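Hello,

Here is the structure I promised to pass on to you. Have it open while you read my notes below.

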Amino acid sequence: MPDFRKIVRANMKSLVDWFGCYDAVAETFNARWGGGASKGTVSKKVSGNLDWTVADVIALEDAAGRYPVTRMMARRLEHRPVSEGGSLLQDGSSIAKESGEAISAILAAEQSNCADESAQAIKEVDDAMFALRQARARLEKSMGNGGAE
């Protein structure tokens, strides 16, 4: 299994290098999330003495217009195994439930200026997509077994 912390550190180091100096990175954090970051903090994160936070990743990736950490995290989801328990009927129920929640959250986000509503909608869409991927994987698995489960 790959060491994701090392991979994240390498990707973040690449993003930091793109900014040119630790001060620029700290100012990017401060502009995005408010004060508190300094070049010393950035230095400790680059050296591995501190871990990068999700907020750090979001701020640097958005500012650079490159998304190496986000892409790596998304690739982790592509190869998750089908849960052993369950059935296509349960998958269908889960798809209906999660899709309904996603639709509701999307509509709430559309009516709101609150970032929390948008974040909730993204989470609900991800849950619905996971339910769909589970059903697809179960269907593919049943095809590989000659159609029998």
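Glu 101 is partly exposed, at a relative accessible area of 32%; here buried means under 20%, exposed over 50% and partly exposed in between, with a 1.4 Å probe and protein chains only. Its partner in a salt bridge is Lys 97, with the closest N and O atoms 3.1 Å apart. A salt bridge is a side-chain nitrogen of Lys or Arg within 4 Å of a carboxyl oxygen of Asp or Glu. Glu 101 and Lys 97 are four residues apart in helix H6 (residues 88–110), so about one helical turn separates them. Lys 97 is partly exposed too, at 46%. Salt bridges with shared partners link Lys 97, Glu 98 and Glu 101 into one network.

Before you go on, please note that this is a predicted model: local features need pLDDT of at least 70, side-chain atom pairs count only at pLDDT 80 or more, and totals for chains, interfaces and linings use all residues. Residues are numbered from 1 along each chain as its sequence is written, and side-chain values use heavy atoms, leaving out hydrogens and water.

The count of salt bridges comes to ten. One of them joins Arg 5 and Asp 51, with 2.9 Å between the closest N and O atoms. Arg 5 lies in helix H1 and Asp 51 in the loop between H3 and H4, so this pair ties together parts that are 46 residues apart in sequence. Helices are DSSP runs (H or I, at least four residues), numbered from the N terminus.

Now for H1 itself. Val 8, Asn 11, Met 12, Leu 15, Val 16 and Phe 19 are buried in H1. Seen down the helix axis, the buried residues fall within an arc of 145 degrees, so they line one face of H1; the arc is taken from the directions from the axis to the C-beta atoms.

Which residues have the most contacts inside the largest nonpolar core? They are Met 12, Val 25, Phe 29, Val 42, Trp 52 and Leu 60, in a core of 17 residues. Such a core is a set of buried Ala, Val, Leu, Ile, Met, Phe, Trp, Tyr and Cys residues joined through side-chain atoms within 4.5 Å. H1 gives the largest share of this core, five residues.

In H3, Val 42, Lys 45 and Val 46 are buried. They cover an arc of only 100 degrees, which puts them on the same side of H3.

Best wishes

Definitions and conventions: Helix = DSSP H or I, 4+ residues; strand = E, 2+ residues; numbered from the N terminus.
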